[in-house]
Amino acid sequence: MVIKTATFVKSSGKWQDCPEPTIPEYAFIGRSNVGKSSLINAMMNHKDLAKTSQTPGKTQLINHFIVNDSWYLTDLPGYGYAKVSKSIRKDFEKLITNYILNRRNLVNLFVLVDSRHKPQAIDLEFIQWCGESGVPFSIVFTKVDKLKPNVAIKNVEDYKAELHKTWEDLPELYVTSAEKKVGGEEILNFIQKTNEFLINNSVSFDE
Ligand code: GTP
Ligand code: MG
């Protein structure tokens, strides 16, 4: 997909405040610091469209970007950020789950996991919740530039094996690096194909 325009729309503190759900939407979710905002910038070819930080917990609101005037790309706050109080963490979780369950134009969620780590309980729990809640999602491995290729392949295979313990069919998997601009094109191709499918089937998000 050619990115002609990518523009910030607004930040929202609750799902009811998000922009009108009239066009297809794709959202990035994952642990704090996993690289959601960085990958959005890499895919949009834009240095600081989404704000990034070395300190976890940078994105605390739901950020909407509109791409090619036709679909939303959404940067969600990270889950599992340890350095905030339990009640704030709960508020974040509520914000995220309410958004996911109520946003009727949300076509696919991209769940980002750090390719360097073994499957983490918090991610597996979140993936489990998506499956049980019927939320369409894909898994995106991030920061693959930090690994030797053979280690990256092994980690992805280990992750698949872990998921196979619960799921027979696995979701789409993407291996990415925001730093080296790897994998973003594949995600954009998926989005393009999905958007075309929605248009060809006259899918509308009206209530
Ligand atoms: P929160 O908004 O806090 O939830 O974090 P986030 O998931 O949006 O992460 P962010 O994009 O802010 O990146 C966190 C840190 O990881 C930053 O220091 C980035 O530079 C670094 N980072 C992100 N993606 C990559 C990558 O592909 N490769 C490398 N080497 N570093 C990355
Ligand atoms: Mg962020």
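Predicted model: local features only at pLDDT ≥ 70, side-chain atom pairs only at ≥ 80, totals over all residues.
A polar side-chain atom of Lys143 is placed 3.0 Å from an oxygen atom of ligand 1, and for Gly78 a backbone N or O atom lies 3.5 Å from an oxygen atom of the ligand. Taken alone, ligand 1 exposes 650 Å², of which the protein buries 89%, with areas from the Shrake-Rupley method and a 1.4 Å probe.

Around ligand 1 there are 22 residues, among which Ser38, Gly57, Thr59, Asp145 and Ala178 come nearest, where near requires a heavy atom within 4 Å. This shell divides into 3 nonpolar, 12 polar and 7 charged residues, Gly being counted as polar.

Ligand 1 takes up the space of the largest pocket, which holds about 650 Å³. A pocket here is an open set of points on a 1 Å grid over the protein atoms alone, where a 1.4 Å probe fits, with protein on both sides within 12 Å along at least five of seven lines, and lining residues have an atom within 4 Å of a point. A molecule sits in a pocket if more than half of its atoms lie within 2 Å of its grid points.

The lining of the largest pocket comprises 31 residues, and Gly35, Ser38, Leu39, Thr52 and Ala178 lie nearest its centre. Helix H1 (residues 36-44) gives the largest share of this lining, 6 residues, a helix being a DSSP run (H or I) of at least four residues. By class, the lining has 5 nonpolar, 17 polar and 9 charged residues.

Residues are numbered from 1 along each chain as its sequence is written, while chains are lettered from A and ligands numbered from 1 in the order in which they are written. Local features need pLDDT of at least 70 and side-chain atom pairs pLDDT 80 or more, whereas totals for chains, interfaces and linings use all residues, and side-chain values use heavy atoms, leaving out hydrogens and water.

How values were computed
Polar contact = N/O pair within 3.5 Å; in protein donor to acceptor, adjacent residues only side chain to side chain. Points joined across faces, edges and corners; volume = space filled by probe spheres on them. Helix = DSSP H or I, 4+ residues; strand = E, 2+ residues; numbered from the N terminus.
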